[in-house]
Amino acid sequence: MKKLFKSVYPAALVFLFYVLVTLLRSMRVLNAYYIQVMMFAGINIMMTASLNLVNGFTGQFCIGHAGFMSLGAYGAAVVTTIVFHGKSIPAAAHVPVFLLSLLTGGCVAALVGALIGLPSLKLKGDYLAIVTLAFGEIVRAILRLIQPIGGARGMIGIPNYSNLAWILFFVTVTLYLLRNLIYSPYGRAFLAIRDDEIAADAMGINTTRYKIISFCIAAFIAGVAGGLYAHVLAFIQPDSFSFTKSSDFLVYLYAGGSGSLTGSVLGATLLTVLPEILRFLADWRLAVYAVILVVVMLYRSEGLCGGKELPFMRVSRASLYETPLFAAKRIREKRAES
């Protein structure tokens, strides 16, 4: 019963948060602007957590993550806008078409991630960073040239299928899956590669294979987040996914704490909301925002969370095994005696 409660109460907290937001909106305490900021924060959490899988848990350095977001955004928008003519389909078909579009966007991003990862993930450090930066710019340049999806002008007429409920649902699923992945044998391989790739290779871990798996999973999540983003704004443009967007996700990641899912949530949420809170400063807003980031990096160089996790974001070591290791030894000894 205790184990069931521990696994369910994070989702219950998310549900209660949604109910509270709904009540506050019905009471006119919150308006559409605040709800949209919350939705952007949720999308940024997904992007930061997926980037954390590559940079924080696998020890690589990807700086072109917005490229995968753009592929997911355009892939999902093509399905709902061009293939199904989203604004003219029956209301009963909205959810299936929306989910299909998100799946398509995620798969497109993951497929391109695999194609990019196969040749490039044999590189390390700065060289890998340069390749991923070039990838993001190449994707943006190609999208500007494809006229059926709007070219440089962007794509309009995308139906507003995303809402706070959908985004909270996908944020919860993303964090749950990443948490379980990190504590799985695959996650242990990612951490081994991060800590010492040469030692991991010597122990028989196919480092290139596991890096590609990490890259593809992160690309898929980024693609789904891009699909949600497209259906919030109802308009996307290639220049919205420039290197500046990728650098935002890097800031969220390292300010919150690399190698911590809790840090991804905290960093993305605070740094999405903070510029909106500082709007009363007008032209000084971005300067104050930058100063706050500098202070955080000076006094908390490991990030706000410093690699630590909230209790429900951790898995106890004993639960990683069907039977605790020492208990298994005692069972074998008893069997030998009998």
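Ala234 is buried, at a relative accessible area of 17% (buried is under 20%, exposed over 50%, partly exposed in between, with a 1.4 Å probe and protein chains only). This is a predicted model, in which local features need pLDDT of at least 70, side-chain atom pairs count only at pLDDT 80 or more, and totals for chains, interfaces and linings use all residues. Residues are numbered from 1 along each chain as its sequence is written, and side-chain values use heavy atoms, leaving out hydrogens and water.

You will find Ala234 in the loop between H9 and H10 (helices are DSSP runs of H or I, at least four residues, numbered from the N terminus). Ala234 is not a glycine, yet its phi is positive, about 65°. Arg28 also is a non-glycine with a positive phi of about 65°. Arg28 sits in the loop between H1 and H2 and is exposed, with a relative accessible area of 78%.

## Helix H10

Let's turn to H10, residues 243–256: its 14 residues should span 20 Å at 1.5 Å a residue, and the end C-alpha atoms are 20 Å apart, which agrees (the expected span is 1.5 Å times one less than the number of residues).

Buried residues of H10 include Lys245, Phe249, Tyr252 and Gly256. The helix's buried residues pack against H2 (32–57), H3 (65–83), H9 (207–233), H11 (261–277) and H12 (285–299), where contact means heavy atoms within 4.5 Å. After H10 comes Gly257, with a positive phi near 130°.

Key: Helices (H or I, at least four residues) and strands (E, at least two) are DSSP runs, numbered from the N terminus.
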